Amino acid sequence: MCECFSNLYFFVIMYVILTAFTTLNVAYSLGLECPNAKIIIFYIIYYACLVAFWTAMLLVFYVTVDSNHPKWKLDSSRIGSSPGLSYRPRPPEKNVDSTLIWFRHGNASQSKYWVDSLKDFLEPYQIEEDLKECDFGSTRKPEESCRFNLNSIDKSCSSSQNFGYDVGHPCVLIKINRIFDWEPKPYDSDSLPQNMPENLKNDYNSSYVYISCEGENPADKSNIGPISYYPSQGIPNYYFPFTNQPTYLTPFVFVHFQNPTTSVLINIECKAWAANIKYDKKERMGSVHFELLVD
């Protein structure tokens with residue numbers, strides 16, 4: 001904040017100096033050996049007032065803004081209090097509107113982009129300094145971040161196995177988008193959503209927010225094949241809330257598509273399950289959509 005203010009203030013001062021020189025140059029170009037003293041004094045006072053005015057406005061602005069905490073949060077903000085989902089790896093930037101994960105298994109060059117994209121995303125998770133080992137029996141300070149243990153992920157979705165892309169059994173990373181100060185609220189045991197997968201209903205634990213993926217249409221459901229989730233289908237609640245911790249690592253779930261039908265485009269939708277996550281398929285609230293094509 002201070003650095004930005006100093007830089008802006010520097011440019012304002014330079015603008016005043018350049019304007020003064022410009023005034024003198026105009027006067028000399030008109031053949032005046034010495035500009036009218038009243039004009040010079042006028043411009044000096046005029047631009048000094050401008051500097052003072054904008055300095056005062058900037059001070060008022062920065063006094064009311066916290067660089068670490070947003071003024072408007074959750075329902076009072078434009079983002080709202082219901083997070084969306086996102087997935088990795090994403091298609092190349094040149095295909096910015098695409099949501100298709102397409103590759104030819106058995107061809108390392110075809111899957112290299114997707115594997116490298118996941119490796120780049122996971123690189124910060126290799127750093128373990130200043131991270132706390134969290135569990136349900138401990139508490140953490142607001143400024144602390146929990147360590148996300150990559151070793152708890154099955155080898156099928158590890159970098160050593162190229163996340164399954166070489167053999168046509170890809171792993172896709174699903175994460176909940178960050179919203180400042182958001183925490184998942186559990187369902188009441190007697191009010192689980194009717195469309196919640198049966199395995200989640202049977203094993204529901206209020207200490208987790210769950211992720212599920214399925215084919216969007218009947219044909220997609222039959223072609224998607226068996227799915228596994230690593231390190232588990234639920235994300236522990238102790239990873240939340242996000243309060244702009246410097247070392248915060250977003251928790252995620254690896255979705256392992258163990259045997260998708262090859263040469264068929266599969267439409268996939270993944271959802272997050274918590275009482276305060278709203279679901280709207282049209283607006284993609286509480287869910288994320290992508291397509292998978294394995295040749």
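Which residues touch the most other members of the largest nonpolar core? Before the answer, a word on what you are looking at. This is a predicted model, in which local features need pLDDT of at least 70 and side-chain atom pairs count only at pLDDT 80 or more, while totals for chains, interfaces and linings use all residues. Residues are numbered from 1 along each chain as its sequence is written, and side-chain values use heavy atoms, with hydrogens and water left out.

Let us start with the overall layout. The protein chain holds 5 helices and 9 strands, taken as DSSP runs numbered from the N terminus (helices are H or I with at least four residues, strands are E with at least two). Along the sequence they follow the pattern α-α-β-β-α-β-α-β-α-β-β-β-β-β. Of the 295 residues, 38% count as buried, meaning under 20% relative accessible area with a 1.4 Å probe and protein chains only. Among contacts (heavy atoms within 4.5 Å) with a separation of 6 or more, 74% link residues 24 or more positions apart.

Now to the opening question. The largest nonpolar core has 52 residues, and Ile101, Tyr165, Ile174, Phe252, Phe254, Ile268 and Phe290 touch the most other members. Such a core is a set of buried Ala, Val, Leu, Ile, Met, Phe, Trp, Tyr and Cys residues joined through side-chain atoms within 4.5 Å. Take Phe252 as a guide: beyond its neighbours within four places in sequence, its contacts include Leu122, Tyr125, Phe148, Leu150, Ile174 and Ile235. Apart from this core lies another, of 6 residues, among them Met196, Leu200, Tyr204 and Trp273.

Next, follow strand S9, residues 287-294, where 8 of 8 residues are buried. Both of its faces are covered, with Ser287, His289, Glu291 and Leu293 on one side and Val288, Phe290, Leu292 and Val294 on the other. S9 pairs with strand S2 (residues 100-103) in the parallel sense over 4 bridges; pairing requires that DSSP finds at least two bridges between the strands. Here Leu100 has Glu291 as its bridge partner. Strand S8 (residues 266-273) runs antiparallel to S9, joined by 6 bridges, and Lys271 stands opposite Ser287.

Phe53, Trp54, Met57 and Val60 make a nonpolar surface patch of about 420 Å², and Trp54 lies in helix H2, residues 37-64. Patches are made of residues with over 30% relative accessible area and no salt bridge, like charges being joined within 9 Å and nonpolar side chains (Val, Leu, Ile, Met, Phe, Trp, Tyr) within 5 Å. A salt bridge here is a side-chain nitrogen of Lys or Arg within 4 Å of a carboxyl oxygen of Asp or Glu. Accessible areas come from the Shrake-Rupley method with a 1.4 Å probe, and for residues only the protein chains shown count as cover.

Key. Buried < 20%, exposed > 50% of the residue type's maximum accessible area, 1.4 Å probe, protein only.
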